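Open the model in your viewer and keep the selection tool at hand.

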Amino acid sequence: MKRLRFRYEMRLKLDRSVWDHHFLIRCRPMENARQHREEMAITIEPADFISEVRDGFGNEGYAGSVRELHDSLLVEARGVVREDLSGISDSLHPMYRFPSAYTMPDEGIGRFLEETRAERKQPCMDKEGLSYMMNRLYGRFVYSPGATTVATTAAEALILGQGVCQDYAHVFISLCRLAGVPARYVAGMMLGEGASHAWVEVWLDGGWQGMDPTNNRLADETYIKLTHGRDFGDGSIDRGRFLGFAGQSQEICVKVEEII
Amino acid sequence: MRDMVEHMEGINRLMARYGVKFGIYKNREFHEQLFPFDPLPRVITKEEFAYLQKGLSQRVEALNCFLADVYGEKKIVRDGVIPEDFIFSSKGYLPQCEGMMPPKKIYSHISGIDLVQAKDGTWYILEDNLRIPSGASYPMIARELTRQASPRTFMKNHVVDNRNYAGMLKEVMDHVNTGGINVVLTPGRYNAAFFEHSYLAERSGAILAMPQDLYVENNRLYYRQYQGKQLQVGTVYRRISDEYLDPLCFEPGTLIGVPGIMDVYRSGNVALVNAPGNGVADDKGIYYFVPHMVKYYLGEEAILKNAPTYLAFYEQDRTFILEHLERLVVKDVSEAGGYGVVFGSDLTKEKREELKRTIAGDPRRFIAQEVIDFIDLDIVEGDGGVPRKADLRAFVLSGETTRVWPSGLTRFSRNPDSFVVNSSQGGGFKDTWVLSQ
């Protein structure tokens with residue numbers, strides 16, 4: 001069991017004023033048997049109103065809007081969560097068995113799985129097998145910001161051989177599902193300072209197991225889970241739509257520390 | 001009847017003026033077409049309609065149970081009646097709708113069920129349309145115009161008045177209304193079905209709203225009035241497809257949606273007609289299982305038959321399909337609107353082999369059906385009548401009760417050799433008369 005204090009900041013800067021801005025911010029750590037939200041506070045500036053919402057995947061967040069002209073949106077969330085991986089896992093939804101928009105396998109994904117199986121002479125459906133596959137992916141994929149975009153699919157990322165945590169997660173999910181292991185996309189935060197993070201949960205022995213292909217390790221109690229879904233399309237932390245023609249830049253700053 | 005044939009041209013001219021059109025998007029080009037009207041109606045006897053009414057209501061009730069189950073308990077999967085592949089990997093399945101319970105538990109308020117009648121008189125279901133089935137306005141306006149053109153015809157024949165469709169629609173909207181006004185949400189007047197949207201709004205007493213007229217505040221949906229008064233919306237008959245309905249929930253880039261509307265819906269503060277996510281129950285793959293659903297949920301045998309269908313997913317069916325391809329029609333479950341439909345008999349030997357390999361490689365994607373030799377209806381061409389293949393779209397409305405509109409959209413193929421009567425493949429329509437005695 002670990003207690004973690006977190007801060008999540010998001011700054012959206014617009015180079016011209018926009019209006020009728022609607023947003024959904026899901027920086028509210030999920031509440032379940034493995035993660036308990038002890039404290040939570042959020043400020044969103046500007047906002048006409050904010051309401052707490054929950055979606056079909058079980059993700060929670062804040063929806064709101066700004067009607068008047070504005071050129072920035074600032075979000076600051078703080079809180080304390082208790083992580084306890086001995087808690088009972090939530091159940092398996094069958095949708096996590098099937099390919100999704102970002103994780104549709106192609107020949108390259110299929111070949112990667114075949115090669116992994118051939119090397120290991122096993123079908124790679126248990127924890128050791130999946131760890132082996134994750135390690136193999138880690139060895140062949142280069143962390144490289146800017147190489148991919150938020151629209152890059154697993155198949156495209158594997159061809160490029162580089163990307164960010166979102167791409168590692170998509171490729172790994174695609175491989176797991178193709179191997180017959182249900183997998184889902186997780187967005188959240190991990191210990192330290194930096195950006196938000198994405199990893200994978202796989203369904204093993206009747207429970208979800210977190211695996212972080214970007215760092216080639218299992219997700220432990222230093223990870224705070226914000227959302228999950230079939231892929232980035234379901235699990236993105238923030239979404240928005242505004243009227244007006246403006247260039248935008250987004251900065252996300254996350255800090256997580258352990259309370260001892 | 002001669003009156004009506006004489007007035008055919010005039011009626012078509014009037015319909016063109018009203019904008020009775022539909023749009024086709026094919027090969028990356030958008031075409032708007034008039035939907036030609038043929039004055040010779042399809043006639044359904046009172047007894048036959050009673051039979052159809054019973055069978056269609058049963059089918060739609062089972063489909064509504066199925067939708068509640070898929071987005072709720074999923075008993076039908078657990079009990080092994082339908083393999084989960086056909087539900088959770090279907091394009092129409094929207095996990096965003098998990099755990100939502102629409103007002104009054106109705107998912108498919110307006111169902112468009114396509115049928116054909118075989119030469120032996122048996123009716124077969126071709127397809128269910130549970131998302132935004134369109135086309136009710138065509139026979140409504142056609143009836144109105146033909147009554148004007150030839151009042152005598154309607155005095156001599158005992159035809160059930162079909163102009164109550166809007167009243168039935170209003171009853172459905174009122175029944176599920178969560179408090180507030182009824183609106184028909186249209187993407188705008190450049191949408192090819194805009195005529196239908198405005199016509200149905202006007203006739204049912206609902207407000208015709210564009211996306212920018214609606215907004216969400218404090219988990220309620222409002223209609224923007226320029227006098228500054230807030231008008232709460234209780235029912236949205238939306239003519240915008242699921243993926244564009246809410247940029248915060250589905251396609252983030254959409255500009256025709258209403259941001260936040262899905263949260264309001266999830267809270268039970270507005271009714272969406274039809275419910276989002278219905279696509280999981282009307283694709284070509286799930287079609288195979290509808291008679292099983294009737295049995296499973298209602299404990300009854302299905303009154304209306306499916307066309308004999310084989311699912312390539314099942315090995316036994318697949319073997320059958322591959323052996324009898326030349327007499328079957330193969331459908332790609334991921335396509336709609338008459339696309340992805342191939343008649344085995346039309347293919348050359350090489351093409352047929354190629355299709356066999358495709359089916360064997362991705363069996364989940366294909367169903368095959370026996371070709372039903374369905375009846376021809378006469379259409380007017382030149383000075384005489386010529387027989388053409390025709391189907392029937394029946395409109396089933398589910399509110400307090402489930403009822404079938406005593407009319408329907410009869411579509412025919414203009415090509416004498418074609419069995420595909422979908423309006424997006426070019427073709428025309430007829431009025432559908434249900435006799436009252």
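Two strands count as paired if DSSP finds at least two bridges between them. With that in mind, select strand E6 (residues 181-185) of chain B in this predicted model. E6(B) pairs in the parallel sense with strand E10 (residues 230-238) of chain B, over five bridges.

Now show helix H9 (residues 194-204) of chain B: together with E6(B) and E7(B), it makes a right-handed β-α-β unit.

Five of the five residues are buried, that is, under 20% relative accessible area, so E6(B) is largely enclosed by the rest of the structure.

Move on to the largest nonpolar core, which has 81 residues. B:Leu56, B:Phe66, B:Ile87, B:Leu221, B:Met262 and B:Met293 have the most contacts inside this core. Helix H3 (residues 46-70) of chain B gives the most to it, with nine residues. Center on B:Leu56: leaving aside neighbours within four places in sequence, its contacts include B:Ile113, B:Leu115, B:Ile125 and B:Leu304. B:Ala394, B:Val396 and B:Val404 are also in contact with B:Leu56.

Last, select A:Val66, A:Phe141, A:Ala169 and A:Met189, which are among the residues of a second, separate core of 52 residues.

How values were computed. Residues numbered from 1 in each chain as written. Chains lettered and ligands numbered in written order. Predicted model: local features only at pLDDT ≥ 70, side-chain atom pairs only at ≥ 80, totals over all residues. Heavy atoms only, no water. Core = buried A, V, L, I, M, F, W, Y, C linked by side-chain atoms within 4.5 Å. Buried < 20%, exposed > 50% of the residue type's maximum accessible area, 1.4 Å probe, protein only. Helix = DSSP H or I, 4+ residues; strand = E, 2+ residues; numbered from the N terminus. Contact = heavy atoms within 4.5 Å. Right-handed = clockwise from strand over helix to strand, strands pointing away.
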